[in-house]
Amino acid sequence: MDTLLQVKDLGFSYDGGRQIFKDINFEVLPGEIVCLLGPNGIGKTTLLNCLARLREPLQGNVLLNGADMADMPPRSVARVIGYVPQTLLPSFDYTVLEYVVTGNAPWLNTFEKPGPKHYQRAEAALEQMEISHLAQKPYTRISTGELQQVSIARAIAQQARLILMDEPTAHLDYGNQLKVLRLIKDLSAKGYAVVLTTHNPDQVLLLDSKTAVIDHHSIFHFGPWEEILTEELLSDMYGVPLRLIKVEGINRMVSVAPGL
Amino acid sequence: MLLLLGIFISLSLGRYSNDPIKVLNVILSRLGMNVPVDPTMDSIVFNVRLPRVLASVMIGAMLSLSGAVYQSVFRNPLVSPDLLGVSSGAAVGASAAILLGAGLATRQLFAFAGGILAVFITSLVPRLLRNRSNMMLVLSGIIVGGFLSSVLAIMKFVAEEQTQLASIVYWQLGSLASILGHELLAIFPVFLVCSTLLLLLSWRINILSFGDLEARTLGVNLRQVRTIVIICASLLTASAVSVSGTIGWVGLVIPHLGRLVGSSDNTRSMPLTLLIGAIFMLLIDTLARTITSVEIPLSILTGFVGAPLYALLLYKQRTRLE
């Protein structure tokens, strides 16, 4: 299968200061999920933002469908990559539909306004997220879990093939965390590639995905989680003892702390 | 429709005569109909009242629209179009002209130049500090505005009390009493071009109101769109203020009304805001010239009407605010 996103020797530092990360190499194929793990402040979000071209990397390139992203106009990047931020900070009470329809922006000229076709696309995205009933509600007055779905719906309306999510479960209760993981799994089954950051290694096991790890020596690891995640790596990365155990009855590996 | 009716009523009101039939006849005769005409009325309607009515409509529309745009771009419904120092710059410009003893035309030119210069300086600070965030622009606006109000204070301090100081104060309260036809012609192109551009960009302005990060991930050329939008809105404000003096409240209150009547979606609320602003200013200016035998400065009325209106709007929207 063709590579959707290719990261080559990527390195980043803020204003020429301390190197945040370097020598990052990995690929994302269509339909793949990649979980980005790492201790606080190691640069997970920064790496994600480099992939979304929200930040200019210091070294290396990000190739999108084989073309260097740095040479592409913002609109072309946005036609392939959708971004779901950690939190939305609504300022005006647009309805959910008015919000989701803005996903069409990269497909319209600067002076163009969305037409019936674009509203249909937004409605279809809401339907796919199973939140059509929210369409006319102000997006300032729905729950955080619903807001997360709205945000993903917009990436779908954007017709993005790669969706980047910055800690998609950060502000959700436990039930909604699992629902969002389920959504991510569904997106992947439909052919969307998803790259997300997370603080919880167990989510990698739940998603049964590839994982990219920046450990606390700033060394980058990438591959299927079975090959990358070990008790040593996890314990070293988070600075607390962690176990990887197969739980009989649910028949999956879990990452848990042995006790306090 | 409401606007046209308002214009007609306003044309009918004034010190000379308040007979709407006479006014109607005057208008009809100008349109080529054969009706009895009072020549004095004709002169008053077309040379005195009409420029003023058109000016109030245009200035109301300009201030409201630029207010709506500023509120969206700066993601803050409490922002008015002089956030980046347009009004204080224009006030300094106008005061400088007054101190130099210049005529009305020069005063307007100075006010316009002062307003635009102030916004330009405000936009320069983030560039110098290499931080192009919105927040930096707002803080820069506060710095420039604060500095300019001190400059204005010095000018008032050295102004000759009876004549110059009075002129400055009167200018700052806003008035359309001395409006002339050619001044309208001067600001009309600005109004037409900038309003059209802003209305065309209204959907992109929605996206700008999501904040920089979201706008960029949607592939919007942020710097380009934001620059066009801020330039247009500032030109509108500066042109309006240069002929009328500063008028408070309109740019702050009317956009709220527009969003309440329409929706938060700027493609719907911006045209409404423009229209409501025009009607509101027409009403205020008509009151200003008819309530008493002396002209009332506009800012006094916009404050008396605008502040309670704003309170009422906040009351209606109270559940939406957190």
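Which residues in α1(B) meet which residues in α3(B)? I put this to the predicted model and noted what I found, entry by entry.

**Entry 1, the helix pair.** I looked up the contact and found that I7(B), S10(B) and L11(B) in α1(B) meet V45(B), R49(B), L50(B), V53(B) and V57(B) in α3(B). Sorting the residues of this contact by class, I noted six nonpolar, one polar and one charged.

**Entry 2, the geometry.** I recorded that two packed helices are described by the angle between their axes and the distance between the axes. For α1(B) and helix α3 of chain B, residues 39-73, I read that the axes come within 10 Å and cross at roughly 140°.

I located F8(B) in helix α1 of chain B, which covers residues 2-12. From F8(B) to L50(B) I noted a separation of 42 residues in sequence and, C-alpha to C-alpha, 9.6 Å in space.

I then turned to chains A and B, where the contact takes 23 residues from chain A and 22 residues from chain B. On the side of chain B that touches chain A, the elements giving two or more residues are α9 (202-208) and α10 (212-217) of chain B. By class, I listed that side of chain B as eight nonpolar, eight polar and six charged residues.

Technical notes:
Residues are numbered from 1 along each chain as its sequence is written. Chains are lettered from A and ligands numbered from 1 in the order in which they are written. This is a predicted model: local features need pLDDT of at least 70, side-chain atom pairs count only at pLDDT 80 or more; totals for chains, interfaces and linings use all residues. Helices (H or I, at least four residues) and strands (E, at least two) are DSSP runs, numbered from the N terminus. Two residues are in contact if their C-beta atoms, placed from the backbone, lie within 7 Å. Ala, Val, Leu, Ile, Met, Phe, Trp, Tyr, Cys and Pro count as nonpolar, Asp, Glu, Lys and Arg as charged, and the others, Gly among them, as polar. Axes are lines fitted to C-alpha atoms, for helices over the stretch in contact, and angles run from 0 to 180 degrees between N-to-C directions.
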